[in-house]
Amino acid sequence: MIYAIILFILAGLAEIGGGYLVWLWIREGKHYLYGVIGSMILVLYGLIPTLQNFPTFGRVYAAYGGVFIILSVLWGWWVDKKTPDIYDWIGAGICLIGVSIMLWGTRH
């Protein structure tokens, strides 16, 4: 379970970090190397989830979506300096509960 969580976090950071660098290049006029490096990180993001042990692509990516939401709220707080409100935290918590049910729920 720890291995899966670490991979979800790494994938989330790669997607958000890579996307952020592309954002800086396109939206804020940073040097094109921001876009190149961001794109390379986004390719890495595409590879990381394949290391998961879960058998189905759909379930891994659906669960990852919930983790991505939580990491996005934290990224906005720490990087963009936008303090999340109570609704951000409630929504992120609901997503975390949903991810846990999807991944670790007992199936027959």
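1. Read along the sequence, the protein chain goes α-α-α-α, with four helices and zero strands. Helices here are DSSP runs of H or I of at least four residues, strands are E runs of at least two, and both are numbered from the N terminus. Keep in mind that this is a predicted model, where local features need pLDDT of at least 70, side-chain atom pairs count only at pLDDT 80 or more, and totals for chains, interfaces and linings use all residues. Residues are numbered from 1 along each chain as its sequence is written, and side-chain values use heavy atoms, with hydrogens and water left out.

2. On overall dimensions: the C-alpha trace of the protein chain spans about 50 × 35 × 20 Å along its principal axes. Of its 108 residues, 30% count as buried (under 20% relative accessible area; exposed is over 50%, partly exposed in between, with a 1.4 Å probe and protein chains only). Take the contacts (heavy atoms within 4.5 Å) between residues at least 6 apart in sequence: 62% of them join residues at least 24 apart.

3. Now the H1/H2 pair. Helix H1 (residues 2-28) packs on helix H2 (residues 32-47) at an angle of about 160°, the axes being 7 Å apart. That angle makes H1 roughly antiparallel to H2. For the geometry, axes are lines fitted to C-alpha atoms, for helices over the stretch in contact, and angles run from 0 to 180 degrees between N-to-C directions; under 35 degrees is roughly parallel, over 145 roughly antiparallel, 65 to 115 roughly perpendicular and the rest oblique. The crossing of H1 and H2 is left-handed (the near helix is turned anticlockwise from the far one by less than a right angle; clockwise would be right-handed).

4. Who makes that contact? From H1, the residues include Ala 11, Ala 14, Gly 18, Gly 19 and Trp 25, and from H2 they include Tyr 34, Gly 35, Gly 38, Ile 41 and Tyr 45. By class, the contact of H1 with H2 has 12 nonpolar residues, five polar and one charged. The classes are Ala, Val, Leu, Ile, Met, Phe, Trp, Tyr, Cys and Pro as nonpolar, Asp, Glu, Lys and Arg as charged, and the others, Gly among them, as polar.

5. Next, H3/H4. Helix H3 (residues 57-78) and helix H4 (residues 86-104) pack at about 155°, with axes 9 Å apart, which makes H3 roughly antiparallel to H4. Their crossing is left-handed. Residues of H3 including Arg 59, Ala 63, Gly 66, Ile 70 and Trp 77 meet residues of H4 including Asp 88, Trp 89, Cys 95 and Leu 103. The contact of H3 with H4 divides into 15 nonpolar, one polar and two charged residues.

6. Aromatics next: the count comes to eight pairs (rings of Phe, Tyr and Trp, the last by its six-membered ring, with centres within 6.5 Å; planes under 30 degrees apart are stacked, over 60 edge-to-face and the rest tilted). Tyr 20 and Trp 75 have ring centres 5.4 Å apart and planes at 65°, so the pair is edge-to-face. Tyr 20 sits in H1 and Trp 75 in H3, so the pair ties together parts 55 residues apart in sequence. Tyr 20 is partly exposed at 24% relative accessibility, and Trp 75 is partly exposed at 21%. Ring pairs also link Tyr 45, Phe 57, Tyr 61, Tyr 64 and Phe 68 into a cluster.

7. One glycine to look at: Gly 76 lies in helix H3 and, at 13% relative accessibility, counts as buried. Leaving out residues up to four places away in sequence, Gly 76 touches Lys 81 and Lys 82.
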